[in-house]
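Please look at the following structure.

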Amino acid sequence: LNTSHPAGAELDLSLIGPPETELRQCGACRSVRALVAVRIPRADGMEDPEVTVQAIIITPNNCALEEALHLEIDFTTSRDIPSASWRVRFMADTASTRKIVELGSTAVKTYSAGTNKMAFSVAAVNVEHLARHVLANVGLLMANLFSDEHELLQVSMVTQVTADGEKLVRSIYNPLE
C-alpha cells in the first residue's frame, strides 16, 4: 500500500484497536489517510472463505456530503459464498458520540470462488438528522460482507468531512491507494 500523503509526507503506520485494524495517519498534518480491511473471526471456529479486496472505486468524491454515492469493490474469494450481501453504512464519530447511518445493502446472491464485483449505489447520503458538529469530523464509510447473518469482512474507508461555508464536503479515502 502507498504510505505517502498527497502532500508528500510519510504516514505514521501505528496500530489502533485490534491488530487487524491499521490506521494510517499523516505525520505532517495528522489527517487520517486510510483504514484497511478487517477480517471478522467466526464465533463457532469454522473456517471462512479467504476474501481479498483487489480494487475499490468511490464516486463521486470530494463533493457535498449528501450527494449520491456509488461504491464498487472488486474482490476474490477462495470458495463460494452463499446467501451473500454487502451492507453499507456511514459512521460519524466524535470524542463524545458515534452515529451510524444505514445507507443500504446489495441484493442477496451467491459469489462464486474466484473474482467478483460488488456494486452499490444510493441516490443521496441522508444525514440531515445529524448535527453539523457531529458530521464535520473524521468518519468511516463501511462496507460489510455477510453470508446469511455471519459477517465475513469489513472494508472501512476513512471519510473526512469538512465545512466549506454552509456546505459539508466529503473526502473518502481509498484504503488501497
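R89 is buried but has no salt bridge, and E102, the nearest side chain of opposite charge, is 4.5 Å away. Buried means under 20% relative accessible area with a 1.4 Å probe, protein chains only; a salt bridge needs a side-chain nitrogen of Lys or Arg within 4 Å of a carboxyl oxygen of Asp or Glu. Lys and Arg count as positive, Asp and Glu as negative, while His and the chain ends are not counted.

This is a predicted model, in which local features need pLDDT of at least 70 and side-chain atom pairs count only at pLDDT 80 or more, while totals for chains, interfaces and linings use all residues. Residues are numbered from 1 along each chain as its sequence is written, and side-chain values use heavy atoms, with hydrogens and water left out.

R89 belongs to strand β8 (residues 81–93); strands are DSSP runs of E, at least two residues, numbered from the N terminus. Beyond its neighbours within four places in sequence, R89 is in contact (heavy atoms within 4.5 Å) with residues including I100, E102, L140 and N144.

The structure also holds two aromatic pairs, that is, rings of Phe, Tyr or Trp (its six-membered ring) with centres within 6.5 Å; planes under 30 degrees apart count as stacked, over 60 as edge-to-face and the rest as tilted. F75 and W86 pair edge-to-face, 5.5 Å centre to centre with 65° between the planes. F75 lies in strand β7 (residues 69–77) and W86 in strand β8, so this pair ties together parts eleven residues apart in sequence. F75 and Y111 also form an edge-to-face pair, at 5.0 Å and 80°.

Terms used: Helices (H or I, at least four residues) and strands (E, at least two) are DSSP runs, numbered from the N terminus. Buried means under 20% relative accessible area, exposed over 50%, partly exposed in between (1.4 Å probe, protein chains only).
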